[in-house]
Amino acid sequence: MTERRALLAAAAAHIILFAALSIGWQFAPKPLAPAEEMIPVDFVDIADVPRVTEAPKPSMKAAPQETVTPEPAPVEPEPTPEPTPAPTDAVPLPEPKTEPKPVPTKPAPPKPVPPKPEPAKKPAPEKPRESKPLDTSVLSNLIDKALPKARVKPLDTSDLAKSIGVAAPKQARIDPRAAATLAQAIQAQVAPCWNPPIGGTDVRKMTVVIRADYARDGSVIGQPTVVSQTGTSTGNSDYSRAFAETARRAVLRCQPLKLPANLYDLWKSVEINFDPESMT
Amino acid sequence: MGPGLRRGDESSSEIHTPHKHPLPTLLSRCYTPAMRMIIASLALLTAFPAVAAPIRVDINSGIAQPLPIAVPGFATAAAQPTEAGTTAELGQRVAKVISDDLRSSGLFRPIDPAAFTTSVSVPDVTRPQFANWRTVAAQALVTGTVTANPDGGITVGCYAYDVFSSEELARQGFVTTAAGWRRAAHKCADLVYSRLTGETGYFDSRIVYVSETGRKTKRIKRLAVMDQDGAGHRFLTSGQNLVLTPRFAPNQQTITYMSFEGNRPRVWLYTLGSGRQQAIGDFPNMSFAPRFSPDGSNLIFSMSTGGNTDVYRLDISSRQLTRLTTQTGIDTAPSYSPDGRRIVFESDRGGSQQLYVMNADGSGQQRISFGDGRAATPVWSPRGDLIAFTRIGGGRFSIGVMKPDGSGERLLTNAYQDEGPTWSPNGRVILFFRSARGGPVDLYSVDLSGQNERKVPTPLDGSDPAWSPLLP
């Protein structure tokens with residue numbers, strides 16, 4: 001009996017010992033696998049090929065856009081427009097679509113290439129001019145009532161009117177109110193599409209003026225271009241390019257504009273100054 | 001001109017335009033009463049002669065929201081086997097990692113691939129059908145290829161496009177081992193991020209931190225390292241000795257930290273490649289809170305001698321030690337400015353923990369933190385424009401930032417106990433650790449605006465994180 005008890009006790013002791021060792025094992029300093037060297041990643045330069053954009057879309061009526069290449073001459077200006085197949089093992093990534101003509105070289109492209117708005121403008125599906133029998137009294141009543149309620153800041157039209165007046169030919173009569181109200185209408189339609197890059201260190205001093213040409217149906221003709229930009233410096237060229245592109249994207253996203261067709265001559269070309277001052 | 005109008009702005013929603021208006025068709029196409037009003041007023045002024053000068057419009061506000069971006073699975077000409085799966089499988093996984101990276105920044109909103117109208121074949125990679133991506137409201141597109149190389153490695157081609165201008169923005173190829181596919185994906189995400197934001201990326205980077213487990217009284221703390229997104233996690237030390245405050249060297253291959261090895265709290269170096277650990281010197285007294293200089297040639301840390309704790313600089317190659325502060329009190333947590341010219345540190349010399357800035361040689365010490373409570377653990381931003389720190393007050397610990405002159409203080413977090421900030425390589429994101437009351441300790445990230453707070457996954461509890469520079 002005692003022998004059996006002793007056996008049991010011994011067995012139990014062994015189990016406890018084993019368990020204790022197991023737990024101890026868990027906490028024992030595990031020999032850690034020697035930390036590996038970092039896996040190398042090599043950069044493959046694929047910037048020696050022209051950067052080509054999509055063929056112009058009929059709707060966009062864009063002049064063929066070549067973004068500039070950082071490197072000189074394209075490697076092989078072969079005129080095969082076929083997309084070459086997958087890269088198999090090549091180090092330089094395959095050139096998918098070669099541009100037949102050599103691309104002008106420039107340093108890093110800070111600005112979009114000014115588009116050449118093609119004369120072949122889409123005859124906009126413009127509806128016959130509404131507003132022939134314009135009851136101005138009704139309208140002006142409407143506006144007079146509406147204006148004070150809308151807590152829209154009164155527009156300072158003086159500058160605008162002045163600049164238009166200066167620029168316009170003598171015989172042109174521009175109603176400053178028309179221009180200002182038109183500007184407000186464009187602002188109201190484009191601003192919701194602008195996602196400025198707010199976090200950048202230099203955003204506070206950065207503004208960009210984008211020029212866009214519009215067709216009669218309110219769609220953008222070609223690519224909007226950068227007219228001028230402030231706040232740029234040698235250190236922030238990447239950021240200023242990205243900033244300008246957010247403005248261009250806003251213009252391209254928020255189209256067609258809905259503006260009165262009878263004032264088309266006033267808004268067929270628009271310069272929009274993007275300034276995130278009230279967001280920073 | 002005033003702030004930009006927004007569609008559906010409440011301020012203008014009270015305006016009602018009668019529908020018996022003479023311009024019903026035009027007006028019905030317009031979005032809001034405000035715009036109807038504007039157009040109605042335009043209609044008053046009919047038929048002006050042509051003008052040469054373009055009309056000028058000012059837009060002073062937009063909407064800050066993440067950019068919708070499409071990242072379809074990367075294409076492969078034919079699924080080839082690699083050590084890490086077929087190139088077709090890798091193509092899907094690479095796109096997922098890129099998508100997750102971009103989303104985590106808070107600046108991008110990757111579109112659910114279920115919404116895509118097409119998959120992307122190899123020819124599509126370089127000639128995308130932009131119309132398809134416009135229909136899913138993508139503003140940017142990332143495509144790419146995964147190809148197996150004869151040597152067993154892979155090439156990941158990465159392309160970024162602006163969907164609305166139909167323009168290629170960037171392209172880059174990355175050659176790596178099959179196992180290195182994640183790094184190639186992070187590199188691609190960094191390319192996209194930097195091209196679209198104009199700032200450098202931070203996705204191909206790592207985090208070292210202290211992994212914690214066990215009861216409060218018998219806490220086991222081990223050094224651990226992982227990719228910025230939590231992948232590739234690995235422990236560096238066994239847990240036999242308590243370790244604290246690991247920090248990367250600029251070359252990312254060495255980590256300095258404090259260990260209680262042999263019951264002598266000292267500053268140590270850990271070499272990632274070899275796993276070698278060594279104490280930096282046989283100083284008689286406790287040394288702690290180490291950090292590298294931006295050029296990697298020096299360490300700065302605190303050492304206690306004769307009841308006083310001061311900041312010292314050690315030249316790593318010559319082992320020459322220089323004392324930088326001498327004031328009575330505890331001077332600790334030193335951190336260099338990115339140009340290496342100045343050092344921010346914390347000191348209780350004025351009665352409570354506050355932040356001080358001095359020149360790198362110890363001259364020109366001046367206090368920069370004021371206001372209520374205490375300020376601790378300062379870290380200079382890699383951009384140089386801000387200092388992140390732990391604000392202690394009102395029974396809470398919060399992460400704050402201030403300019404190097406002490407102005408412009410902002411708190412980024414608001415929880416029970418957030419401390420120990422570290423900067424992402426581009427200075428846009430701050431990682432820190434959060435202790436719940438009597439609960440777990442976890443790593444979190446928050447961006448500089450205080451938005452986009454996220455928990456960083458770790459297998460166990462985590463504290464004392466440090467972000468590496470961008471990997472080469």
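**Entry 1. Confidence**

I began with the confidence of chain B in this predicted model: its mean pLDDT is 88, and 89% of its residues reach 70 or more. For the model as a whole I recorded an ipTM of 0.81 and a pTM of 0.73.

**Entry 2. Chain A, overall**

I turned to the secondary structure of chain A, which comes to 6 helices and 4 strands. Read from the N terminus, its elements follow the order α-β-α-α-α-β-β-α-α-β. Chain A has 280 residues, of which 33% count as buried. I also looked up how far apart in sequence its contacts reach. Among contacts in chain A between residues at least 6 apart, 73% join residues at least 24 apart.

**Entry 3. Helix H4 of chain A**

I checked the length of helix H4 of chain A, residues 176–190. With 15 residues at 1.5 Å a residue, H4(A) should span 21 Å; I found its end C-alpha atoms 21 Å apart, so the two values agree. I next asked how far H4(A) is covered, and found that 13 of its 15 residues are buried, so that the helix is mostly covered.

**Entry 4. A:Thr234**

I located A:Thr234 in the loop between strand E3 (220–230) and helix H5 (237–253) of chain A. Is A:Thr234 buried or exposed? I counted 5 C-beta neighbours inside 10 Å, and A:Thr234 therefore counts as exposed; the cut-off for that class is 12 or fewer. I also took a distance from this residue: A:Thr234 and A:Ala244 lie 10 residues apart in sequence and 15 Å apart in space, C-alpha to C-alpha.

**Entry 5. Chain B, overall**

I listed 6 helices and 32 strands in chain B. Of its 472 residues, 52% count as buried. Of the contacts in chain B with a separation of 6 or more, 43% come from residues 24 or more positions apart.

**Entry 6. The two domains of chain B**

I noted the division of chain B into domain 1 (67–197) and domain 2 (206–467). Their centres, taken over C-alpha atoms, are separated by 36 Å. The contact between them takes 5 residues from domain 1 of chain B and 7 residues from domain 2 of chain B. Which element gives the largest share of the side of domain 1 of chain B that touches domain 2 of chain B? I found that helix H3 (residues 87–104) of chain B does, with 3 residues. I then sorted the residues on that side of domain 1 of chain B by type: no nonpolar, 2 polar and 3 charged.

**Entry 7. A four-stranded sheet in chain B**

I traced an open sheet of 4 strands in chain B, with the order E11-E10-E9-E32 and antiparallel pairing. Its edge strands are E11 (234–235) and E32 (461–467) of chain B, each of which pairs on one side only.

**Entry 8. Strand E29 of chain B and its partners**

I examined strand E29 (residues 429–435) of chain B, where 6 of the 7 residues are buried, so the strand is largely enclosed by the rest of the structure. I found an antiparallel partner in strand E28 (residues 418–423) of chain B, which 4 bridges join to E29(B). Another is strand E30 (residues 441–447) of chain B, joined to E29(B) by 7 bridges and also antiparallel.

The hairpin of E29(B) and E30(B) has 5 residues between the strands, and here I found B:Gly438 with a positive phi near 65 degrees.

Conventions
Residues are numbered from 1 along each chain as its sequence is written. Chains are lettered from A and ligands numbered from 1 in the order in which they are written. This is a predicted model: local features need pLDDT of at least 70, side-chain atom pairs count only at pLDDT 80 or more; totals for chains, interfaces and linings use all residues. Helices (H or I, at least four residues) and strands (E, at least two) are DSSP runs, numbered from the N terminus. A residue is buried if 20 or more other C-beta atoms lie within 10 Å of its own, exposed if 12 or fewer, and partly exposed in between; C-beta atoms are placed from the backbone. Two residues are in contact if their C-beta atoms, placed from the backbone, lie within 7 Å. The expected span of a helix is 1.5 Å times one less than its number of residues. Two strands pair if DSSP finds at least two bridges between them. Domain bounds come from an automatic or database domain assignment. Ala, Val, Leu, Ile, Met, Phe, Trp, Tyr, Cys and Pro count as nonpolar, Asp, Glu, Lys and Arg as charged, and the others, Gly among them, as polar. pLDDT is the predictor's confidence in each residue, from 0 to 100.
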